[in-house]
Amino acid sequence: MNDMIRTDNLSRTYGSGAVATHALRGANLAIPKGSFTCIVGPSGHGKSTLLHLVGGLDRPTTGTVHIGGVELTSLDSSALARLRGSKIGFVFQFFNLLRTLTASENIATAMMLAGVPARQQAERARELLERVGLAEKAGARPGELSGGQQQRVAIARALANDPDLLLPDEPTGNLDSEAEAGIIALLHDLHRRGKTVVVVTHNHEIAQQAERIITVRDGRIAA
Amino acid sequence: MTLTRLVLKNLTCRRGRFIFTLLGITIGIASVVSFLSLGGSLKSEIRRESAALGANLVVTPKGSCAYEQVSILTGEQLPTTITADEVARVQEIDGLTALPFLAERTAIRNRPVGVMGILPAETLRFKGWQVTRGDYFPDTEAAGAVLGAIVADQFDLAPGGEVTIRGERLPILGVLKETGGKDDLTIFVALTTAQRLYNQGDRVSYLAVRVADIDQVDAYAEKIKEAVSLGVVSDKQMLKSVLSIVGTVNITLQLIAAVAVLAAAFGIINTMLTATYERKREIGILLALGARRRTIFTLFLLESAIYGVLGGLAGAVTGLLFSTLAAPHITQNAFTAFVSGSGAVGPASVGVILGAVVFSAVIAMLAGVYPAWRAARLAPVEAISYE
């Protein structure tokens, strides 16, 4: 029971009949708590599908996912949403910040959805921005931030409700090499502080520094 | 951060769309409010005028229809007249008092004002008027004018001054106490003066008849019809036929208002549906951050409701402003003659504003249900992957 993530025979098929696309076929995984794992593989071979299933953003066609001992497929959409909000932190390639909100408000929104009272939100948002080195950008909107800064805000937002599991999907795919190094360092720092990190990446540098590498090819997990 | 704050941020960051959608619902609610307040005051005003007329029967020119009946209540000119001979024959009938009136129009500073030719002493008794300033007509032939309270106020006229009618300057004799009816908006002159000024010879517009025995009203109506070839209607008939016209006008106005509100509601549906497409990714982000479907639904419904509340407020204020400020300036006719008599914006308008806001919010939320439902049923992974 020391696994953060366990999947059994996990499959995801889009469409049906002749047009069915098998994005993932029978994936069996066990990722220990506190580990730093990279999912690598060619584009369109099912890496992101795996990450979405593990993160409870999508539901499998067959098979099961356990996160910290909780079986996701048995949860209704509301319970699944609660779990996403409290146990999982997503980071996306295109940052996915809400562009009408400031950096601080983006982080506060994640806390609001988890039911954190408004008064505590600002304080914690400030701490998190400090942690990612952007304390002075609290009032900036995404449009006023560089790509690297936006991704730091996105990571701070992913940490808003202190989740155990971080799921960055190509977090450096849209950044220059300087910003990329900063983000990689930040992810490693979070790992050292006890977070379980499962990152989908094409980036060799990240992959080389990972404790474990999982390769996804043609919807299957390669040895 | 709160849900409401998130919604307000969204609205204010899309100002153009926000303003135009808001304008739609504002116009819809404004038309409902102004039409309802115009139509409502119209009905109550007609009832009051009918009572103020103080007549059991009204004798009108032959062939007079509902339009003339409205005109009598509003003090409009009638297209045809009654001759002195006919007046005399009605007055000869036992057991009734028949008073002739000649309804004409003039203008003061380019604003239309009713002029009524009356038999001074008889009309004073008949109507139970009181004079607040100056004096009343000293005799039947007296040259001069007695003014309704609002006319005196509106044009700053007082006894000792003069008023010009058809190029002739008449001394102002006195001002009547406010009656709350259209008499307040009328200039009264002696019947003979009015007939001379308007070249009517000895003709009059209509006769107001009061009968001795109210139970015999129908019998008197028959007697009058035997004596002269004129139209005779009882006050109740007149009220009924006028109210039926007003009712039709009201229904038409309400239909127009309903169409305006419906168009506004579709405006909201359209805006919010577009928003669910445009903001698909935003919905996906919120879902990934742990938003429940219910939260997404609330978020979108709240946005619609804000359109409704703000549009309702703006619409109610615009509608009330329009019905009180603009209505009296519209060319005088049977419709607005009533409206101009009751420009009261009192405590009642607080109720109108509240009602409009609630109505508008309910309509907006109903319009918002479908878009909100669509937004809430988006699959997280589909929404977050939307380019």
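Analyst: Let's begin with a term we'll need: a salt bridge is a side-chain nitrogen of Lys or Arg within 4 Å of a carboxyl oxygen of Asp or Glu. Keep in mind, too, that this is a predicted model.

Now for the meeting place. The side chains of B:Lys9 and A:Glu105 form a salt bridge across it, with N and O 2.9 Å apart. The rule finds 2 salt bridges across the interface of chain B and chain A. There are also 6 residue pairs in polar contact between chain B and chain A.

Which parts of chain B do the touching? Four helices, α1 (3–12), α10 (280–288), α11 (293–326) and α14 (380–384), each supply at least two residues of the side of chain B that touches chain A. Among these, α10(B) gives the most, with 6 residues. Sorted by class, that side of chain B has 13 nonpolar, 5 polar and 8 charged residues.

Next, the overall extent of the interface. On the chain B side 26 residues are in contact, and they meet 28 residues of chain A. Between them, the two chains bury about 2,400 Å², with 63% of it on carbon and sulfur atoms. Three residues stand out here: B:Met1, B:Leu289 and B:Val381 supply 29% of the area that chain B buries against chain A, more than any other three residues.

Let's move on to the nonpolar cores. The largest nonpolar core has 116 residues, and B:Ile296 and B:Phe300 touch the most other members. What does B:Ile296 touch, once its neighbours within four places in sequence are left aside? B:Ile296 is in contact with B:Ile283, B:Leu286, B:Leu287, B:Ala291, B:Ala375 and B:Ala376. Another core lies apart from that one, with 65 residues, including B:Ile93, B:Val115, B:Leu147 and B:Val232.

Back to salt bridges, this time over the whole structure: a search finds 17 of them over all chains. In chain A, A:Arg12 pairs with A:Asp58, and their closest N and O atoms are 2.9 Å apart. This pair links distant parts of the chain, since A:Arg12 is in strand β1 (residues 3–14) and A:Asp58 is in the loop between α1 (47–54) and β4 (62–67), 46 residues apart. Are these two buried or exposed? A:Arg12 counts as buried because its relative accessibility is 16%, under the 20% cut-off. A:Asp58 is buried too, with a relative accessible area of 9%.

The side chains of B:Arg17 and B:Glu278 meet in a salt bridge at 3.0 Å, N to O. B:Arg17 lies in helix α2 (residues 15–53) and B:Glu278 in helix α9 (residues 235–278), so the pair ties together parts that are 261 residues apart in sequence. B:Arg17 is partly exposed, with a relative accessible area of 28%, and B:Glu278 is also partly exposed, at 45%.

One more pair in chain B is B:Glu162 with B:Arg169, where the closest N and O atoms are 3.0 Å apart. Here B:Glu162 counts as partly exposed at 43% relative accessibility, whereas B:Arg169 counts as exposed at 60%. Finally, salt bridges can join up into a group: B:Arg14, B:Arg279, B:Glu282 and B:Glu303 are linked in a network of them.

Conventions. Residues are numbered from 1 along each chain as its sequence is written. Chains are lettered from A and ligands numbered from 1 in the order in which they are written. This is a predicted model: local features need pLDDT of at least 70, side-chain atom pairs count only at pLDDT 80 or more; totals for chains, interfaces and linings use all residues. Side-chain values use heavy atoms; hydrogens and water are left out. Contact means heavy atoms within 4.5 Å. Buried area is the accessible area (1.4 Å probe) that two parts lose on being put together, summed over both. A polar contact is a pair of N or O atoms within 3.5 Å; within protein, one must be able to donate a hydrogen and the other to accept it, and residues adjacent in sequence count only if both atoms are side-chain atoms. Ala, Val, Leu, Ile, Met, Phe, Trp, Tyr, Cys and Pro count as nonpolar, Asp, Glu, Lys and Arg as charged, and the others, Gly among them, as polar. A nonpolar core is a set of buried Ala, Val, Leu, Ile, Met, Phe, Trp, Tyr and Cys residues joined through side-chain atoms within 4.5 Å. Buried means under 20% relative accessible area, exposed over 50%, partly exposed in between (1.4 Å probe, protein chains only).
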